[in-house]
Amino acid sequence: MSTQYAVVKVFGRQFNVKVGDKIQANFTEGEVGKKLTFSDVLAVNSGTGLKVGTPLLSGAKVTATIQAQTRGEKILVFKYLRKNKLKKIRGHRQPYTVLTIDSIEG
């Protein structure tokens with residue numbers, strides 16, 4: 001049984017996606033429900049064979065819908081200098097965009 005999948009570059013990162021997958025990509029501006037099209041497709045397996053680009057496939061595209069704008073887990077950064085009596089603690093939460101893959105063409 002072969003399923004259709006693609007390797008696509010989304011906001012600077014590469015993902016191996018299938019139709020219906022949810023991915024957590026780097027943050028981008030946009031409202032929930034907005035459709036996005038990605039033409040930076042590196043490889044596509046349509047069930048009949050694998051097509052690999054050099055480096056990108058021409059004419060191939062992946063469409064996705066924004067599901068949510070979220071933030072990741074809190075990461076604490078702690079700095080301590082014992083002789084200077086310096087203590088610093090900072091928190092950071094990385095913003096993400098959750099995408100649902102709608103279709104793969106190529």
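The protein chain has 0 helices and 10 strands. Helices (H or I, at least four residues) and strands (E, at least two) are DSSP runs, numbered from the N terminus. Along the sequence the pattern reads β-β-β-β-β-β-β-β-β-β. The radius of gyration is 19 Å, well over the 13 Å that the globule rule gives for 106 residues, so the protein chain is more spread out than a compact globule. This radius is taken over C-alpha atoms, and the globule rule is 2.2 Å times the number of residues to the power 0.38.

The model is predicted: local features need pLDDT of at least 70, side-chain atom pairs count only at pLDDT 80 or more, and totals for chains, interfaces and linings use all residues. Residues are numbered from 1 along each chain as its sequence is written, and side-chain values use heavy atoms, with hydrogens and water left out.

The C-alpha trace spans about 65 × 30 × 25 Å along its principal axes. Of the 106 residues, 29% count as buried. Buried means under 20% relative accessible area, exposed over 50%, and partly exposed in between (1.4 Å probe, protein chains only). The accessible surface comes to about 7,400 Å². Carbon and sulfur atoms hold 50% of that surface. These areas come from the Shrake-Rupley method with a 1.4 Å probe; for residues, only the protein chains shown count as cover.

Charge was examined next. The protein chain carries 18 positive and 7 negative charges, and their mean positions are 18 Å apart. Lys and Arg count as positive and Asp and Glu as negative, while His and the chain ends are not counted. The place of a charge is NZ of Lys, CZ of Arg, CG of Asp or CD of Glu.

Contacts were then sorted by sequence separation. Contact means heavy atoms within 4.5 Å. Among contacts between residues at least 6 apart in sequence, 63% join residues at least 24 apart.

Strand β5 (residues 41–45) is mostly covered, with 5 of its 5 residues buried. Two strands pair if DSSP finds at least two bridges between them. Strand β1 (residues 5–10) runs antiparallel to β5, joined by 4 bridges. Here Y5 stands opposite N45. Strand β6 (residues 50–52) also runs antiparallel to β5, through 3 bridges. In this pairing A43 faces V52. β5 and β6 form a hairpin with 4 residues between them. G47 in the turn has a positive phi of about 100°.

V7 belongs to strand β1. Its relative accessible area is 22%, so V7 is partly exposed. Leaving aside neighbours within four places in sequence, V7 is in contact with Q14, F15, N16, D40, V41, L42 and A43. V7 and H92 are 85 residues apart in sequence and 30 Å apart in space, C-alpha to C-alpha.

A68 is part of strand β7 (residues 61–71). With 24% relative accessibility, A68 counts as partly exposed. Beyond neighbours within four places in sequence, A68 is in contact with V32, Y96, T97 and V98. The C-alpha atoms of A68 and G30 are separated by 9.5 Å, with the two residues 38 apart along the chain.

T100 sits in strand β10 (residues 95–105). Its relative accessibility is 14%, so T100 counts as buried. Setting aside neighbours within four places in sequence, T100 is in contact with G20, D21, K22, T63, A64, T65 and Q67.
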